[in-house]
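The following exercises are to be worked with the sequence and the structure at hand. Each task is followed by a solution in steps.

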Amino acid sequence: MPTSFIGIIPARYASTRFPGKPLADLGGQTVIERVYRRASSALPEVAVATDDNRIFEAVEAFGGKAVMTSSHHRSGTDRCREAYENLGSTADVVINIQGDEPFIDPSQLRQLMGCFDDKSVGIATLVRPFPADKPFEALENPNSPKVTVSPAMDALLFSRSVIPYLRGIEKSDWPSKHQYYTHIGLYAYRAEVLKEITRLPQSPLELAESLEQLRWLENGYRIRVAVSDCPTIGIDTPADLEAARRFLAEKEGNS
């Protein structure tokens, strides 16, 4: 039997930095509609998991599928698990798609899906190569977690600090002396693994770095990594939305 997939897009209305961002207008469509439509071009089934009626109704209004979930979840992973159960899904793998990534490339979702051709893979995610010509200050940004990867393409560690530390080399030269990777916040999990990891208590490394994937590593789960060069623009603030509008205008102007 081929592996079956469902894409779930966690979407909250409340946000400290940008309340209501899923419903913000981006080129005549809401942010959440753009995410939904791009995800649907790669996945056979997609649903938005939300705790807000405004988002639920907006998704249904454009013909999408939405499911209500609790407002008390600590993370998108927890919301995905409840949504999977509430939908009565029997899909083998759940893909957790960020609701603030309106330019997610369908090829990235297909890369994640491809990771599960290996039956031993329980969790997968994406990383992006950090360009050698970008300044160290961009690499140092704590809002862009770094990832070290094994030769088998499993994640070894995630950190908001720059890893690895290059001893004896000026920091300004680090990007040109080592291939660094930054994390793209897309996850996929086999359904049984999703149930297991959402039962785990928060771990010391997770609490230290505020990165939930460290909980999984600390508990012995492997995370398979695929490498993507696709440019994406996440929307965390109103300024990010303006940047996304400019990006969209340029993209449509060149098409």
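Helices, of at least four residues, and strands, of at least two, are DSSP runs numbered from the N terminus. The model examined here is predicted.

**Exercise 1.** Locate the cis peptide bond that involves Pro-164, and state where Pro-164 is found.

*Solution.* Step one: the bond joins Ile-163 and Pro-164, and its omega is about 0 degrees. Step two: Pro-164 belongs to the loop between β9 and α6 (174-177).

**Exercise 2.** Determine whether Met-153 is buried, partly exposed or exposed, and do likewise for Ser-210.

*Solution.* Step one: a residue is buried under 20% relative accessible area, exposed over 50%, and partly exposed in between. Step two: Met-153 has 31% relative accessibility and therefore counts as partly exposed. Step three: Ser-210 has 56% and therefore counts as exposed. Step four, on the backbone: phi of Met-153 is near 65 degrees, a positive value in a residue other than glycine; for Ser-210, also a residue other than glycine, phi is positive and near 55 degrees. Step five: Met-153 sits in the loop between β8 (146-149) and β9, while Ser-210 sits in the loop between α8 and α9 (213-218).

**Exercise 3.** Explain why helix α1 (residues 31-40) is described as largely enclosed by the rest of the structure.

*Solution.* Step one: list the buried residues of α1, namely Val-31, Ile-32, Glu-33, Arg-34, Val-35, Tyr-36 and Ala-39. Step two: seven of the 10 residues of the helix are thus buried, so α1 is largely enclosed by the rest of the structure.

**Exercise 4.** Identify the residues that form a nonpolar surface patch with Leu-156, and classify Glu-206 as buried or exposed.

*Solution.* Step one: Leu-156, Leu-157 and Leu-205 make up the patch, and together they have about 250 Å² of accessible area. Step two: Leu-156 is part of strand β9 (residues 155-159) and, at 54% relative accessibility, counts as exposed. Step three: Glu-206 is part of helix α8 (residues 204-209) and, at 5% relative accessibility, counts as buried.

**Exercise 5.** Describe the largest cavity by its volume and its lining.

*Solution.* Step one: a search of the whole structure finds one cavity of 30 Å³ or more. Step two: the largest cavity holds about 50 Å³ of space. Step three: its lining consists of Gln-98, Glu-101, Ile-104, Gln-108, Ile-184, Gly-185, Leu-186 and Thr-232. Step four: by class, three of these residues are nonpolar, four polar and one charged. Step five: strand β10 (residues 181-190) supplies the largest share of the lining, three residues.

Conventions
Residues are numbered from 1 along each chain as its sequence is written. This is a predicted model: local features need pLDDT of at least 70, side-chain atom pairs count only at pLDDT 80 or more; totals for chains, interfaces and linings use all residues. Side-chain values use heavy atoms; hydrogens and water are left out. On a 1 Å grid over the protein atoms alone, a cavity is a set of points where a 1.4 Å probe fits but cannot get out, and a pocket is an open set with protein on both sides within 12 Å along at least five of seven lines; lining residues have an atom within 4 Å of a point. Grid points are joined across faces, edges and corners, and a volume is the space filled by probe spheres set on the points. Ala, Val, Leu, Ile, Met, Phe, Trp, Tyr, Cys and Pro count as nonpolar, Asp, Glu, Lys and Arg as charged, and the others, Gly among them, as polar. Patches are made of residues with over 30% relative accessible area and no salt bridge: like charges are joined within 9 Å, nonpolar side chains (Val, Leu, Ile, Met, Phe, Trp, Tyr) within 5 Å. Accessible areas come from the Shrake-Rupley method with a 1.4 Å probe; for residues, only the protein chains shown count as cover. A salt bridge is a side-chain nitrogen of Lys or Arg within 4 Å of a carboxyl oxygen of Asp or Glu. Buried means under 20% relative accessible area, exposed over 50%, partly exposed in between (1.4 Å probe, protein chains only).
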